[in-house]
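I opened my notebook to look at a few side chains, pair by pair. Here is the model I worked from.

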Amino acid sequence: MIRIEKPSEEKLKELQVKTWPVWECAPSTFDWHNDEKEVCYILEGKVTVKTADETVNFGPGDLVTFPAGLDCVWTVHERVRKHYRLG
């Protein structure tokens, strides 16, 4: 299950989100598999992710957690920029 939350500034500092790498993607649709757990903080953009069991939407200010082993389809509606951490 994909978890989406609106973190406080305190939580972002605690996680050291600003030290994580940044990933960017233009509007597109693609299949994705998470080999390991991923936590990402969305800086810009709008995304829909579909799995066999759920469809979620997220955008700026969302902290999103994807479990290891997840197969999904990403639809990037607006150019996305995110900080991410694997593992």
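Is K82 buried or exposed? I found K82 buried, with a relative accessible area of 4%; buried means under 20% relative accessible area, exposed over 50% and partly exposed in between, with a 1.4 Å probe and protein chains only.

**Ground rules.** This is a predicted model, so I note that local features need pLDDT of at least 70 and side-chain atom pairs count only at pLDDT 80 or more, while totals for chains, interfaces and linings use all residues. Residues are numbered from 1 along each chain as its sequence is written, and side-chain values use heavy atoms, with hydrogens and water left out.

**Entry 1: around K82.** I placed K82 in strand β7, residues 70-86. Strands (E, at least two residues) and helices (H or I, at least four) are DSSP runs, numbered from the N terminus. Next I listed the contacts of K82, taking contact as heavy atoms within 4.5 Å. Setting aside neighbours within four places in sequence, K82 is in contact with P21, V22, W23, E38, C40, Y41, I42, L43 and W74. One of these, W23, has K82 over its face, at 4.8 Å from the ring centre. For that label, NZ of Lys or CZ of Arg must be within 6 Å of the ring centre and within 35 degrees of the ring normal. W23 itself counts as partly exposed, at 28% relative accessibility.

**Entry 2: the partner of K82.** Which side chain meets K82 in a salt bridge? It is E38, at 2.6 Å, N to O. E38 lies in strand β4 (residues 38-50) and K82 in strand β7, so the pair ties together parts that are 44 residues apart in sequence. My rule for a salt bridge was a side-chain nitrogen of Lys or Arg within 4 Å of a carboxyl oxygen of Asp or Glu. E38 is buried as well, at 5% relative accessibility.

**Entry 3: other charged pairs.** How many salt bridges does the rule give? The count comes to eight. Among them is the bridge between the side chains of E44 and R81, at 3.4 Å, N to O. E44 sits in strand β4 and R81 in strand β7, so this pair ties together parts 37 residues apart in sequence. E44 is partly exposed at 37%, and R81 is partly exposed at 24%. I then checked K46 and E78, which form a salt bridge with their closest N and O atoms 3.9 Å apart. K46 in strand β4 and E78 in strand β7 are 32 residues apart, so I logged a link between distant parts of the chain. Relative accessibility is 45% for K46 and 40% for E78, and I put K46 down as partly exposed and E78 as partly exposed. I also noted a network of salt bridges linking E24, E44, R79 and R81.

**Entry 4: rings.** My search of the whole structure found seven aromatic pairs. W23 and F30 have ring centres 6.5 Å apart and planes at 65°, so the pair is edge-to-face. F58 and F66 are edge-to-face too, because their centres are 6.1 Å apart and their planes stand at 70°. Rings of Phe, Tyr and Trp (its six-membered ring) pair if their centres lie within 6.5 Å; planes under 30 degrees apart count as stacked, over 60 as edge-to-face and the rest as tilted. F58 and F66 are both buried. One aromatic cluster takes in W23, F30, W32, F58, F66 and W74.

**Entry 5: the nonpolar cores.** Which residues have the most contacts inside the largest nonpolar core? I read off I2, V47, V49, F58, V64, F66 and W74, in a core of 15 residues. The elements giving it two or more residues are β4, β5 (55-58), β6 (63-66) and β7, and β7 gives the most, with five. A nonpolar core here is a set of buried Ala, Val, Leu, Ile, Met, Phe, Trp, Tyr and Cys residues joined through side-chain atoms within 4.5 Å. Not counting residues up to four places away in sequence, F58 touches I4, I42, G45, K46, V47, V49, V64, F66 and W74. A second, separate core of seven residues includes L12, L15, W20 and L63.

**Entry 6: a backbone note.** Where is Q16 placed? I found Q16 in the loop between α1 (9-15) and β2 (22-25). Phi of Q16 is near 60°, a positive value in a residue other than glycine.
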